Amino acid sequence: MSDYKGKALSWQIVNGAVELALHREPCNEIGSLALEELERFVRALPELAKTAHAVIIHSTLAAGFSAGADLRELYHRSQAMQKAEAARGVREFLERIHAVMNAIDALPLTTIAAVHGVTFGGGFELALVCDIIIADRMARFCFPELRLGLIPGFGGIPRLKRDLGNAVVRDLLLTGRSFNVMKAQQIGLVSQIAAEGESLRVARATASQVGKFDRATTAAAKAFLKPIPYDELKREIDIFCDLYTRPAVEEGLRKFVENEGPQPYLP
Amino acid sequence: MPTTENTLDEILTLAAAHFKVPREKLTPDDDFFKALGIDSLQALDLLTRLEHHFRIELPDYELQGVSDFRTLAQRIQSRL
């Protein structure tokens, strides 16, 4: 399928690049609907790869690239189940999203995340599977999971460790603080900064450049440069699931979901 | 180094311009969520603009519970 229009995301081929647009209000939270459509995208990729040389992932929403996992859906679904059943559901969700992330990570095409605004948690992890992150001046990044008693669950820690120095990773993870694009470029996460609202245009120019090269060479270089840390990714799921069953996590999620103040509940 | 009053004035001017609120309607002790009519995502946008403007890093946890311009200015001043 060369193009698709879904509720959470859509894709089309533009000038030889697959453009995957995220457009689920309020800020592309990744829950069961987004997961199903991401799985559909991954199933379509072998066919898309026959005519495309690059993939660009971006958001059409003003709020940002993605606020990450849909914590409200996670909390409400868990409340409707027995604890053991909820834990199994979380593991199944994580295994499915990891399969999606690993498939995009391993693509023999050049993948580009064009991000702006909120790029948090699972949204940040989706950007991290891409080969190149291009961020607009107003992009803001964060792994807030520890503030709710969890760790990133969509492959964030192994992929951050792959790309960044461990001291920086510890600061970002253990404080759960958000940071701007200047910091992101300084630590080596973002390679190109675009003016406000221009990240997709810059990503298209970058995709056009990589399209000039021999595809087999690009695929070989990418496989050499960017090994996928499968063992650590599996370990991450185990650690997340162990932490998820603790009462402190349920309490943190409850406060986050029920908070009606102007600032989110993030200790 | 600018004084806290200078910093406060720059914050009010930047916020008024970006969120299209008359500058003269903003006062240092206003709740900026109410005065600017913004939500938490727009507050992050304001934080990012202020970081760029003052060329600082201001971790969001330092702003937990902060909702008035004067305290915001003090937090920024401590990073200049």
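I began with Glu196(A), which I located in the loop between β11 (192-194) and α8 (199-210) of chain A. For the entries below, helices (H or I, at least four residues) and strands (E, at least two) are DSSP runs numbered from the N terminus.

I noted that this is a predicted model, in which local features need pLDDT of at least 70, side-chain atom pairs count only at pLDDT 80 or more, and totals for chains, interfaces and linings use all residues. Residues are numbered from 1 along each chain as its sequence is written, while chains are lettered from A and ligands numbered from 1 in the order in which they are written.

**Entry: Glu196(A)**

I recorded Glu196(A) as exposed because it has 12 C-beta neighbours inside 10 Å. The cut-offs I applied are 20 or more other C-beta atoms within 10 Å for buried, 12 or fewer for exposed, and partly exposed in between, with C-beta atoms placed from the backbone. Not counting residues up to four places away in sequence, I found Glu196(A) touching Asp136(A), Arg137(A) and Met138(A); a contact requires C-beta atoms, placed from the backbone, to lie within 7 Å. Asp136(A) is 60 residues from Glu196(A) in sequence, yet their C-alpha atoms are 5.2 Å apart.

**Entry: Ala127(A)**

I next looked up Ala127(A), in helix α4 (residues 121-128) of chain A. Ala127(A) counts as buried, since it has 26 C-beta neighbours inside 10 Å. Leaving aside neighbours within four places in sequence, I listed its contacts as Phe65(A), Ala113(A), Val115(A), Thr119(A) and Ile133(A).

**Entry: α3(A) with α10(A)**

I then turned to helix pairs; two packed helices are described by the angle between their axes and the distance between the axes. The axes of α3 (residues 83-105) and α10 (residues 230-244) of chain A come within 10 Å and cross at roughly 155°. Axes are lines fitted to C-alpha atoms, for helices over the stretch in contact, with angles from 0 to 180 degrees between N-to-C directions. Angles under 35 degrees count as roughly parallel, over 145 as roughly antiparallel, 65 to 115 as roughly perpendicular and the rest as oblique. From α3(A), the contact draws on Ala87(A), Val90(A), Arg91(A), Leu94(A), Glu95(A) and His98(A), and from α10(A) on Leu233(A), Ile237(A), Phe240(A), Cys241(A) and Tyr244(A).

**Entry: α2(A) with α11(A)**

I found helix α2 (residues 71-79) and helix α11 (residues 247-258) of chain A packed at about 120°, with their axes 10 Å apart. This angle makes α2(A) oblique to α11(A). I listed Leu71(A), Arg72(A), Leu74(A) and Tyr75(A) on α2(A), and Leu253(A), Arg254(A), Phe256(A) and Val257(A) on α11(A), as making the contact.

**Entry: α1(A) with α3(A)**

Helix α1 (residues 32-48) of chain A packs with α3(A) at an angle of about 35°, the axes being 10 Å apart. I listed Leu35(A), Leu38(A), Glu39(A), Val42(A) and Leu45(A) of α1(A) against Phe93(A), Arg96(A), Ile97(A), Val100(A) and Ala103(A) of α3(A).

**Entry: α4(B)**

Which residues of helix α4 (residues 69-77) of chain B are buried? I found Phe69(B), Leu72(B), Ala73(B) and Ile76(B). They lie on the same side of α4(B) because they cover an arc of only 100° around the axis, the arc being that of the directions from the helix axis to the C-beta atoms. I noted that these buried residues pack against α1 (4-18), α2 (32-36) and α3 (40-54) of chain B.

How values were computed
Contact = placed C-beta atoms within 7 Å.
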